[in-house]
Amino acid sequence: MITHTSYAVEPWVLRERGLHLDVLPQSESVFALSNGHVGWRGNLDEGEPHGLPGSYLNGVHELHPLPYAEAGYGYPESGQTVINVTNGKVVRLLVDDEPFDLRYGRLRSHERVLDLRAGTLTRTCEWTSPAGTTVRVRSTRLVSFTQRAIAAVAYEVEAVDGPARIVVQSELVANEQLPGHNGDPRAAMVLESPLESEEHFASSDRLRLVHRTRRSGLRVGAAADHVVSGPEPTTTQSEATDDLARLTVASALKEGERLRVEKFVSYGWSGTRSLPAISDQVDAALAAAASVGWVGLVAEQRAYLDDFWARSDVEVEGDEQIQQAVRFALFHVLQAGARAEQRAIPAKGLTGSGYDGHAFWDTEMFVLPLLTYTSPGAVAEALRWRQNTLPAARERAAQLGLRGAAFPWRTIEGSEGSAYWPAGTAAFHVNADIADAVVRYTAATGDEHFERDTGVELLVETARLWRSLGHHDQRGTFHIDGVTGPDEYSAVADDNTYTNLMARANLQAAADAVGRHPRRAEELGVGEEESAAWRDAAEAMHVPYNDDLDVHEQHAGFTRYQRWDFAATRPDQYPLLLHFPYFDLYRKQVIKQADLVLAMYTCSPCFDPEQKARNFAYYEPLTVRDSSLSACCQAVIAAETGHLSLAYDYLHEAALMDLQDLEHNTRDGLHIASLAGTWMALVAGFGGLRHHGTRVDFAPRVPEKFGRLAFTLELRDRRLRVEIDRTTATYTLLGGEPLTVHHHGAPLNLDVDKPQTLDIPPLRPRAALDQPLHRRPNNRPGKKA
Ligand code: BGC
């Protein structure tokens, strides 16, 4: 855990002063750069020391057999794991006769700065070698948002207090040695030497390596080009072997002189393209980068981010830590999704190999909502990825004896990668989550082409799944039995309320969509009878309710279970999944993560305000938040039900999950859903945004400490700015046609550039709620105990 204050609180940068080797693996995740296609962890330029070296290409994975002690029908046979591809970051340095290795010599200063507006990671340090030579090193790194295949490093060494003989080795390294497995089942499987060499090349300043994965058969190319400047004579020499290509630059610097190496790295991969085609592809990408040069890449990066921040920034006055954290979160969510382009957005983005690089429902329910209102194009691409994987999802449904498509619980390439079916295949809600993302995206953008070409098919195939998975009982009520909802401490349960309500929305949306697109419906073989059956199932959907307690049940019978013995559970026994058997978790009232509470947000109109308050009060003392996907959902409902201070605590937890390594696993990669949840807690929590059909609601209310909260949303080709202080909210339409929204239930008609300010109704006081013992959110600075 990051126990010392490593990162300074500043609005637009994340700065680490000094080098904290004890938290190096975490900082590598926090300082990771990515564009959604290429990802580089924040490893030190010289490669060592490291926590986990990581260079990833979205979609590049290896297959491995999934061993089962007891076999069963329909178990996935093969697992997928993201692999560490060719490392193009490495720039080694020799100072006189000593390798620049910060574990030796004297480190006079060290600073790393992630600049959220520039999109660069800069490192500056001054180091005296064991032999007494002092150098200043400054490197700036970027992974380009504008040129998807390109990453680059500008590396500069200066002789500080006398002459220095300098050798810089700029490398491409394949099959790097990785540290061993740490025993946490959530961490990635370590795959030894996953790449087989196919080509190596070095000539003057140009390097290239092409490899192929052994089982998945993917061809991966990496190439590098360099621009070197230094005092005369500065010499260069290049060489390559199977797993290493290197440019060596040697120079003798006088005091105050500098050697600068600009390194441009390109990546390409394919499961079908030939070796010459991949080589040409990476060379071509380098040519495009060279045409703008380092200065051009930096300028393009800035312009891309200027545009992003203009439409996405969230301003928080009164809490600088949250201000920084939400920008950090927005930046990393953008990095995860910006250029994923019909590939998955993994739970860790491309910041680490945790969860084997798999994508989950995190994408549709946490990441895509943020992107829908800030970078909608990325959402369409993410959903097209799901559409591309429909053949695998249809096959899986057929294998399970179901109709339509059964999307995987976790995957890289589309097939089910979960070896644990109670919390994998049985978590069918992922299908309704995908449908929800389709509906939200189309409602927010009005993108009819997308709906016709992609949306309808996704809605139809998921509706088919629900219709075949559920059944009408003798009275006609529709049930979906034996499924796992979001809370993974319950499994294979009947009528999970979240699942049923989301499936209901899915069935209705599919029936509506085929009505709007009859031609497409015909192509997909949907007749009137089928869509009528979807509507019947939706209307007859069972929603379990305990009349005695007057609360919704998380699933049928849940409230009858024995309560977990929280008093007997020690703080060091969390997360419970690592200390107690699942069978016991499954039969008790204990909740890993928001489930019914999430339903009250995603299916908000299905609950009245008093039900929401009662349900929240019931489930709050049972929810242990052993998943990072929980705090942000609890923040949203805490805010809606008037528990503003609690909402604020949960906002902090979601926002600082990685900056303070709250779950002790940031080393494996960032929690992208929780980062997106920071936005959700602010915009849906304190802003009260709900968007159902054509209706957009806001119910703003900010915690006392906030002077102001402001955010911008993209809505149907309009830009809407919302500014909230303690007593009023101001809505400004920044462009486009007039728009009607609702403020605390009352309609508000907005015209361009005519801000309207409305009062915020007073808050009805609510009694404070309990959390399970030892599970209070308590990390908010200045909070009264
Ligand atoms: C959560 C899942 C989530 C997964 C990946 C698990 O711990 O329970 O809901 O999808 O992590 O983030």
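## Ligand site and domain contact

In this predicted model, an N or O atom in the side chain of Asp 362 lies 2.5 Å from an oxygen atom of the ligand. On its own the ligand has 310 Å² of accessible area, of which the protein covers 93%. Two further residues place polar side-chain atoms by ligand oxygen: for Tyr 355 the separation is 2.9 Å, and for Trp 361 the distance from a side-chain N or O atom to an oxygen atom of the ligand is 2.9 Å.

| Residue | Side-chain atom | Ligand atom | Distance |
|---|---|---|---|
| Asp 362 | N or O | oxygen | 2.5 Å |
| Trp 361 | N or O | oxygen | 2.9 Å |
| Tyr 355 | polar atom | oxygen | 2.9 Å |

Besides Tyr 355, Trp 361 and Asp 362, the residues that surround the ligand are Phe 360, Trp 409, Glu 488, Lys 592, Gln 593, Ser 627 and Leu 629. Sorted by class, this shell comprises five nonpolar residues, two polar residues and three charged residues.

The protein chain itself is divided into three parts, with domain 1 spanning 7–274, domain 2 made up of 306–372 + 548–785, and domain 3 covering 389–543. Between domain 1 and domain 3, whose C-alpha centres lie 42 Å apart, there is a contact to which domain 1 gives 13 residues and domain 3 gives 12 residues. Together these two domains bury about 900 Å², with 56% of that area on carbon and sulfur atoms. On the domain 1 side, the residues that lose the most area to domain 3 are Gly 74, Pro 76 and Gln 80, which together account for 48% of what that side buries.

Which kinds of polar pairing cross the interface of domain 1 and domain 3? Six residue pairs are in polar contact there, counting pairs in which both residues are at pLDDT 80 or more, whereas the number of salt bridges found across the interface is zero.

Conventions. Residues are numbered from 1 along each chain as its sequence is written. This is a predicted model: local features need pLDDT of at least 70, side-chain atom pairs count only at pLDDT 80 or more; totals for chains, interfaces and linings use all residues. Side-chain values use heavy atoms; hydrogens and water are left out. A residue is near a molecule or strand if one of its heavy atoms lies within 4 Å of it. A polar contact is a pair of N or O atoms within 3.5 Å; within protein, one must be able to donate a hydrogen and the other to accept it, and residues adjacent in sequence count only if both atoms are side-chain atoms. Accessible areas come from the Shrake-Rupley method with a 1.4 Å probe; for residues, only the protein chains shown count as cover. Ala, Val, Leu, Ile, Met, Phe, Trp, Tyr, Cys and Pro count as nonpolar, Asp, Glu, Lys and Arg as charged, and the others, Gly among them, as polar. Domain bounds come from an automatic or database domain assignment. Contact means heavy atoms within 4.5 Å. Buried area is the accessible area (1.4 Å probe) that two parts lose on being put together, summed over both. A salt bridge is a side-chain nitrogen of Lys or Arg within 4 Å of a carboxyl oxygen of Asp or Glu.
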